[in-house]
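Good morning, everyone. Please look at the sequence and the model on the screen while I talk.

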Amino acid sequence: MHLLRDSLPRPHCRPLLTPRIVLIGVGNPWRGDDGVGRAVIETAVGRLEPDVEVVEADGEPSRLIEAWTDVDLAVVVDAVRSGAVPGTIHVWRDKSALARAAPSIGSHALGVADGIALGGALDRLPSTLVVVGIEVGETSLGLGLSAAVAAKLDDAADTICGIVDEWLAAESLAQAGSKATSSPGLNE
Amino acid sequence: MTQRPDTDRTFTVEALARVEGEGAMHVVIRDGQVRLVQLRIYEPPRFFEAFLRGRAYTEPPDITARICGICPVAYQMSSCNAIEAACGITVDGMLGDLRRLLYCGEWIESHTLHIYLLHAPDFFGYDGAIELAGAHRALVQRGLDLKKIGNQLVDLLGGRAIHPVNVRIGGFYRVPTEAELQAFRPRLEHARDLALETVRWVAGFDFPDHQWHGELVALRQPGEYPITRGRLVSTMGLDIGPEEFDQHVVEEHVEHSTALHARILSRGEYLLGPLARFALNYDELTPLARDAAVAAGLSSDERNPFRSIVVRAVEVLHACDEGLAIIDRYREPDRPAIDVQPRAGVGHGWTEAPRGMLLHRYELDDEGTILTARIVPPTSQNQAGIERDLFHFVEENLDLVDDELGHRAEQVIRSYDPCISCATHFLDLTVDRS
């Protein structure tokens with residue numbers, strides 16, 4: 001399931017082949033801060049290119065695997081409880097470490113770490129996977145984020161945009177390098 | 001070498017792995033006798049019932065769909081049935097068929113998730129689906145392929161794969177064209193093939209010898225396998241409509257759980273879900289599903305909860321087969337929904353969620369504002385029954401050491417597929433030997 005997003009000007013430097021980028025917001029908005037993953041995605045959406053796909057997920061591994069199969073960059077945003085200060089933003093890039101992390105990250109019966117491990121076993125992981133975890137405070141029943149977590153929405157959205165921009169820049173450089181002899185240029 | 005355990009033991013499994021949501025199990029053994037078995041379930045303590053008060057009669061399908069990420073359609077359908085009953089409306093014909101088709105999608109995805117990712121690893125001695133996938137990649141991939149088609153069916157009719165948004169009181173916001181459903185047919189045919197393979201696969205598992213001895217309860221609607229309607233019947237003669245539920249079933253608070261424990265008056269615990277549906281509606285399966293059940297060694301006398309994985313697979317096959325029949329007879333209705341005008345009154349509605357009968361009750365004022373709401377989910381109804389069965393299971397297996405007994409008891413619980421919906425889950429496990 002994909003949400004439409006506002007469009008923004010494209011960056012001036014862009015690869016010739018449009019990569020598939022998916023942002024996956026995981027969580028349950030009816031459990032307070034557990035919904036932060038989806039809230040961060042909603043905040044980040046307006047700041048990114050329109051062809052970045054957005055998926056809401058409940059953390060169930062098979063849905064995650066469907067969402068990131070054949071994807072170049074997947075950024076998964078989930079609620080985390082590790083003992084850090086609520087609102088703390090964690091970023092993980094090592095797929096192997098993430099797969100081993102269950103159940104210390106994520107907050108679901110079968111969650112993101114299980115999805116990564118299962119995706120690895122089935123050879124169905126995205127080319128690049130980054131997990132952004134937001135430390136939760138209050139997760140009792142009810143809508144809405146705690147003040148400490150809500151205050152970090154913008155920072156978390158910036159983190160995601162930075163991850164996407166950084167990845168796009170690296171891809172552009174890589175493509176420029178590999179096509180330097182056959183392609184006249186990369187700019188649109 | 002395994003040593004015989006002490007005669008006084010207490011062990012607690014603080015969080016049950018591969019159970020949807022949060023739960024824990026507590027067992028006390030004294031003088032070699034089982035004294036206490038408690039299944040502690042942290043269910044949303046009626047939060048949504050309070051949240052619904054003061055809302056418009058049109059809102060419960062969207063709000064209650066959020067209660068459970070695994071079975072949102074069940075919540076939508078039971079809420080629609082209840083509010084439509086309060087307003088004196090029955091939705092049937094093609095709109096009823098479409099609701100049933102949507103529900104088939106949910107049965108396919110929910111049951112397939114449980115079969116492949118939650119329950120099957122127990123029969124291979126694996127800790128979970130990741131180990132199963134490592135050793136049997138093609139099998140797990142088949143499960144994901146089958147589940148995906150269920151997701152897609154929910155997406156097609158519900159507008160979204162999780163928390164569908166296309167269901168409304170009286171019908172749908174938009175109905176599919178005949179061409180849209182026909183275009184989906186090949187995928188559902190493929191799902192039917194995968195489901196048949198799944199039945200054959202799980203039928204070959206090695207099942208522990210264990211029996212449920214209590215009452216089995218499920219909806220029954222002559223002429224169809226129960227999904228969206230019917231009377232509530234049982235193996236001990238219960239036969240009631242939804243408005244009679246309170247006259248026959250009591251729900252009690254127990255200290256160790258936030259879920260209410262349900263008991264049939266004068267008899268006690270009961271069990272809902274696949275085993276009960278199958279026992280009471282075996283004759284209503286499609287011929288293909290019935291033949292597959294027979295070939296898998298099932299009969300309507302089946303009472304082994306471990307074999308519920310086979311029943312789930314048969315129900316997935318039935319859902320695919322019936323879904324295809326609905327697609328073939330579908331003609332796009334003139335309008336996507338019947339007009340439903342509110343009126344003051346009380347309405348009850350129930351349907352068969354993947355885990356069993358889910359009851360909703362709403363009291364409306366004459367403008368359609370919800371005065372009271374009540375939701376009776378299947379897992380809370382099953383909780384007392386699962387505890388009772390665990391008690392017997394622990395009694396039958398007292399020779400096992402704590403770890404093994406706890407592990408086996410967890411498998412019993414998983415075979416019932418309890419869904420403690422709307423939960424977060426922080427895994428922690430402790431064992432306390434007195």
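This is a predicted model: local features need pLDDT of at least 70, side-chain atom pairs count only at pLDDT 80 or more; totals for chains, interfaces and linings use all residues.

Residues are numbered from 1 along each chain as its sequence is written, with chains lettered from A and ligands numbered from 1 in the order in which they are written.

Chain A has six helices and five strands. Both kinds are DSSP runs, numbered from the N terminus: helices are H or I with at least four residues, strands are E with at least two. Along the sequence of chain A, the order reads β-α-β-α-β-β-α-α-β-α-α.

How much of chain A is buried? Of its 188 residues, 48% are. Buried means that 20 or more other C-beta atoms lie within 10 Å of the residue's own; exposed means 12 or fewer, partly exposed is in between, and C-beta atoms are placed from the backbone. Now contacts. Two residues are in contact if their C-beta atoms, placed from the backbone, lie within 7 Å. Take the contacts in chain A with a separation of 6 or more: 78% of them join residues 24 or more positions apart.

Find helix α2 of chain A, residues 61-68. Seven of its eight residues are buried. Among them are A:R63, A:L64 and A:W68. Just after α2(A), A:D70 has a positive phi of about 60°.

Over to chain B, and helix pairs. Two packed helices are described by the angle between their axes and the distance between the axes. Axes are lines fitted to C-alpha atoms, for helices over the stretch in contact, and angles run from 0 to 180 degrees between N-to-C directions.

Pair one is α3 (residues 72-86) and α4 (residues 93-124) of chain B. Their axes are 9 Å apart, at an angle of about 150°. That makes α3(B) and α4(B) roughly antiparallel. The cut-offs: under 35 degrees is roughly parallel, over 145 roughly antiparallel, 65 to 115 roughly perpendicular, and the rest oblique. The crossing of α3(B) and α4(B) is left-handed. Left-handed means the near helix is turned anticlockwise from the far one by less than a right angle; right-handed means clockwise. Which residues of α3(B) meet α4(B)? They are B:V73, B:A74 and B:M77, and they meet B:R99, B:L102, B:Y103 and B:E106.

Pair two is α10 (residues 287-295) and α11 (residues 308-329) of chain B. Their axes come within 8 Å and cross at roughly 160°. So α10(B) and α11(B) are roughly antiparallel. Their crossing is right-handed.

Next, the sheet. Four strands of chain B form an open sheet, ordered β8-β7-β6-β11, with mixed pairing. Its edge strands are β8 (239-240) and β11 (270-271), each pairing on one side only. Strands pair if DSSP finds at least two bridges between them. β6(B) and β7(B) pair in the antiparallel sense over four bridges. There, B:R220 stands opposite B:R231 in β7(B). Helix α9(B), residues 274-281, lies across β6, β7 and β11 of chain B, at about 70° to β6(B).

Last, B:K148. This residue sits in helix α6 of chain B, residues 137-158. Buried or exposed? B:K148 counts as buried because 21 C-beta neighbours lie inside 10 Å.
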